[in-house]
Amino acid sequence: MPHRSIIEPFRIKSVQSIDLPTVEEREKALRRAGYNLFGLHADEVIIDLLTDSGTGAMSAKQWAGMMIGDESYAGARSFYRFEKAVKEITGYTEVIPTHQGRAAERILFANSVSEGDVVPSNTHFDTTRANVEYQGAEARDLVIAEGTDPSALLPFKGNVDIAALRATIEEVGVDRIPMVMVTVTNNSGGGQPVSLANLREVRRICNEFGLPLILDACRFAENAWFIKLREEGYTDRTPREIAQEMFALADGCTMSAKKDGLANIGGFLALNDGELAAKCRNLLILTEGFPTYGGLAGYDLEAIAVGLNEVLDENYLRYRIRSTEYLAEKVYDAGVPIVRPAGGHAVYLDAKTLLPHIPPGQYPAQALAVELYRNGGVRGVEIGSVMFGRPLPDGSESPAAMELVRLAIPRRTYTQSHIDFVAEVVIDVAMDAGEIGGYRIVEQAPWLRHFTARFEPT
Ligand SMILES: *Cc1c(COP(=O)(O)O)cnc(C)c1O
């Protein structure tokens, strides 16, 4: 068969116009925002790759589902449709809706994590880490060594380091470990997948020490697709079967429906432990809502119920993973350094390698992110020393391990020509990389400074 492009497996029924600010308008916006892309207004951005969270397009079937949303306070029909969808995929017996993934984390940790505990994971996502630390516990990252090397080419760079997991349990003691977590795919580690073989080994260790295993399942379908493509013995299995096998190895999951729920808001906590679930529901009532809506409208539950099934469609997943890889290939082939292989939901540009003349203290990834916006109105996000740098007693800062700009691709939102445009902007900026200067921070908050800091060119 001749070569054929993998096309978007949908056609467009409703459109939203994109604003096209001029370069002068973008320059003005940058100055007003203090060179922080979080300070931009959406109408100042041409292609918005800030995040893939809640920014995707819903299908006609999801919108149709919203019209039959049942807004009964208790026992809504929509809840039972949502619960059925979650149970069919995860197999877990207790399903608790929440307004986002972080609410599921907070409710779970508040009822199971105590001061002085250690929660191991491959890599904790920021909200997961913050919610573990909020309980006075330590969130410990145990991803394999290659997982933090941008150029190591491995099929499952999100895997847990099994020896390090065993060593952590032996060092800390089982009494101080309330659960083991695995993030699929590993968002903070470049959107890299975890293999079923690795999940099985984690399960074996958990069985040996009697520990529960909880998946951070935000991108479970993308992870299942990588397993189908890359893990021996899974080529002929459906993404749904693979996802079911992943969930069956764990005792529960936290989920943000803003990712692989294909919805704009929502999440859930699903468990097999009925006693723990009862405690979680009590806290849910206090802070989120009654257990059959958990802070969501009935129509949100409908959108998620439909989205959870659409996300496992092979045509969708083939297009989804290919569109990320397509952008990665285009920029890499033009000589732009990136984290390889491409992750599921995003392409990560390696600013440390591209801008060796900018020291970490002048935030090379921030400089690159600003330049992408100035050049082409493309908004990515800095994942480097602005986000992770820590102040030292002498007034300087300890740098982050990597200086990355993440270009996260919203689901079903942009077409191939939008992605081509993004690649053109990235390549254009990279060609004049030597001209890009660094930044200094002139204003910052004590916590999570990357959201609100103001910068000046040095
Ligand atoms: C987004 C995300 C979360 C948190 O979900 P929210 O819906 O943003 O609260 C947790 N873990 C991972 C891996 C995520 O990507």
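Contact here means heavy atoms within 4.5 Å. The model is predicted: local features need pLDDT of at least 70, side-chain atom pairs count only at pLDDT 80 or more, and totals for chains, interfaces and linings use all residues. Residues are numbered from 1 along each chain as its sequence is written, and side-chain values use heavy atoms, with hydrogens and water left out.

**View A. Surroundings of Gly438.** Gly438 touches Ile358, Gln362, Glu456, Pro457 and Thr458, when residues up to four places away in sequence are not counted. Gly438 sits in the loop between α16 (416-431) and β15 (439-443); helices (H or I, at least four residues) and strands (E, at least two) are DSSP runs, numbered from the N terminus. The relative accessible area of Gly438 is 4%, so this residue is buried. Buried means under 20% relative accessible area, exposed over 50%, and partly exposed in between (1.4 Å probe, protein chains only).

**View B. Glu231, a buried acidic residue without a salt bridge.** Glu231 lies in the loop between α8 (220-230) and α9 (239-248). The nearest side chain of opposite charge, Arg200, is 4.8 Å away. Lys and Arg count as positive and Asp and Glu as negative, while His and the chain ends are not counted. A salt bridge is a side-chain nitrogen of Lys or Arg within 4 Å of a carboxyl oxygen of Asp or Glu. With neighbours within four places in sequence left aside, the contacts of Glu231 are Phe156, Ser195, Leu196, Ala197 and Phe226.

**View C. The open five-stranded sheet.** The strand order is β2-β8-β7-β6-β5, and the pairing is mixed. Two strands pair if DSSP finds at least two bridges between them. At the edges stand β2 (94-98) and β5 (180-183), each with a single partner strand, so one side of each has no neighbour in the sheet. On average, neighbouring strands of this sheet are turned by 15° against each other, direction ignored. Helix α10 (residues 274-287) packs on the sheet and touches β2 and β8; its direction makes about 20° with that of β2. Axes are lines fitted to C-alpha atoms, for helices over the stretch in contact, and angles run from 0 to 180 degrees between N-to-C directions.

**View D. Strand β8 and its partners.** β7 (residues 252-256) and β8 (residues 267-271) pair in the antiparallel sense over five bridges. Thr254 has Leu269 of β8 as its bridge partner, and Gly252 stands opposite Leu271. β2 and β8 also pair in the antiparallel sense over five bridges, with Glu94 bridged to Leu271. Five of the five residues of β8 are buried. Gly267, Leu269 and Leu271 point one way from the strand, and Phe268 and Ala270 the other way.

**View E. Helix α4 (residues 101-110).** Seven of the 10 residues of α4 are buried, so the helix is largely enclosed by the rest of the structure. The buried residues are Gly101, Ala103, Ala104, Glu105, Ile107, Leu108 and Phe109.

**View F. The contact between the two domains.** Domain 1 covers 23-52 + 313-457 and domain 2 covers 60-310; these bounds come from an automatic or database domain assignment. The C-alpha centres of domain 1 and domain 2 lie 27 Å apart. Domain 1 gives 22 residues to the contact and domain 2 gives 28 residues.
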